[in-house]
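Biologist: Please take a close look at the aromatic pairs in this model. Start with the terms I need, then go through the surroundings step by step.

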Amino acid sequence: MKNNIPGWMSEAELEVLNRIGLTLPVGSTVLEIGSFLGRSAFTWSLSLFDQIGSVICVDPWEGTIADFPEGAVAAMDGDTEFLDHTLSLYKHFLINTRELDNVFAIRLPGQEFHWIMTPTIAPPAVIFIDGDHSPNGLLFDLEASLPNQQYGAHDMTLICGHDYGHPDIPHIKPIVDGFAIRNGFRVQHFEDTRLFALRWGNRYENFIEHLSQ
Ligand SMILES: C[S@@+](CC[C@H](N)C(=O)[O-])C[C@H]1O[C@@H](n2cnc3c(N)ncnc32)[C@H](O)[C@@H]1O
């Protein structure tokens with residue numbers, strides 16, 4: 001099934017999400033912070049389908065497409081002709097994901113969400129961060145994704161996210177890098193994408209990598 005949902009994730013980025021999803025064990029859950037119209041959620045959903053996995057989407061879905069700058073809307077990938085500029089983002093998301101029975105929407109900002117609000121007992125296998133891109137918002141999501149914190153992660157949860165190295169949001173990379181160094185992660189930057197994943201690594205290795213960037 002082709003992903004026609006409008007959004008700012010490129011085909012190459014969706015392919016990385018798909019590859020990660022396909023490797024997850026049976027019954028895995030992906031927690032997505034920031035789902036917009038459902039473009040990345042759609043890919044996670046299909047990638048988890050065979051393993052009977054699910055996607056929990058957390059987003060306040062405030063406003064409509066008309067609230068976004070024209071240039072940003074024009075830059076979206078997907079079938080933008082289906083965009084209704086007056087329909088709320090939330091209704092768009094519900095319509096776009098209506099055929100995906102493993103997608104669950106929780107209409108809250110990440111700050112107000114806690115993993116115990118989900119219909120899932122097991123910790124999330126993946127936390128995908130693409131929500132509040134402000135410095136404090138991003139830092140909140142990263143910290144809430146550490147083991148035993150608000151987003152329900154355990155030691156094996158993969159933390160990943162979008163817009164790493166995005167020229168229009170230059171604070172994302174140093175915030176992710178700093179968080180990684182402080183918490184003993186190595187940052188993996190997927191080629192030809194703005195996706196990052198945090199891998200457990202030793203602090204010395206991180207420091208050297210940081211110096212060479
Ligand atoms: C860049 S879009 C997400 C794109 C989406 N992943 C996709 O594939 O199209 C950012 C989203 O984050 C949401 N958002 C903003 N603040 C948030 C918060 N505090 N917690 C969760 N989501 C938030 C916005 O409503 C918006 O839908």
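Modeller: A residue is called buried if its relative accessible area is under 20%, exposed if over 50%, and partly exposed in between. Phe140, at 25%, therefore counts as partly exposed. Keep in mind that this is a predicted model.

There are 11 aromatic pairs in the structure. One of them joins Trp61 and Phe93: the ring centres are 4.5 Å apart and the planes stand at 40°, so this pair is tilted. The two partners come from distant parts of the chain, 32 residues apart. Trp61 sits in the loop between β2 (54–58) and α3 (70–74), while Phe93 belongs to helix α4 (residues 89–96). Trp61 has a relative accessibility of 0% and is therefore buried. Phe93, at 1%, is buried too.

Phe140 pairs with Tyr151, with 6.3 Å from centre to centre and 70° between the planes, an edge-to-face arrangement. Phe140 is part of helix α5 and Tyr151 is in the loop between α5 and β5, so the pair ties together parts that are 11 residues apart in sequence.

Ser145 is found in the loop between α5 (135–144) and β5 (158–161). With a relative accessible area of 1%, Ser145 falls under 20% and is therefore buried. The side chain of Ser145 reaches back to the backbone oxygen of Asp141, at 2.6 Å.

Aromatic residues also come together in a cluster, which is formed by Trp8, Phe36 and Phe68.

Within α1, the buried residues are Glu13, Leu14, Val16, Leu17, Ile20 and Gly21. Looking down the axis of α1, these buried residues fall within an arc of 155°, so they line one face of the helix. They pack against α2 (39–48), β4 (126–129) and β5.

Conventions:
Residues are numbered from 1 along each chain as its sequence is written. This is a predicted model: local features need pLDDT of at least 70, side-chain atom pairs count only at pLDDT 80 or more; totals for chains, interfaces and linings use all residues. Side-chain values use heavy atoms; hydrogens and water are left out. Helices (H or I, at least four residues) and strands (E, at least two) are DSSP runs, numbered from the N terminus. Buried means under 20% relative accessible area, exposed over 50%, partly exposed in between (1.4 Å probe, protein chains only). A polar contact is a pair of N or O atoms within 3.5 Å; within protein, one must be able to donate a hydrogen and the other to accept it, and residues adjacent in sequence count only if both atoms are side-chain atoms. Rings of Phe, Tyr and Trp (its six-membered ring) pair if their centres lie within 6.5 Å; planes under 30 degrees apart count as stacked, over 60 as edge-to-face and the rest as tilted. The arc is that of the directions from the helix axis to the C-beta atoms. Contact means heavy atoms within 4.5 Å.
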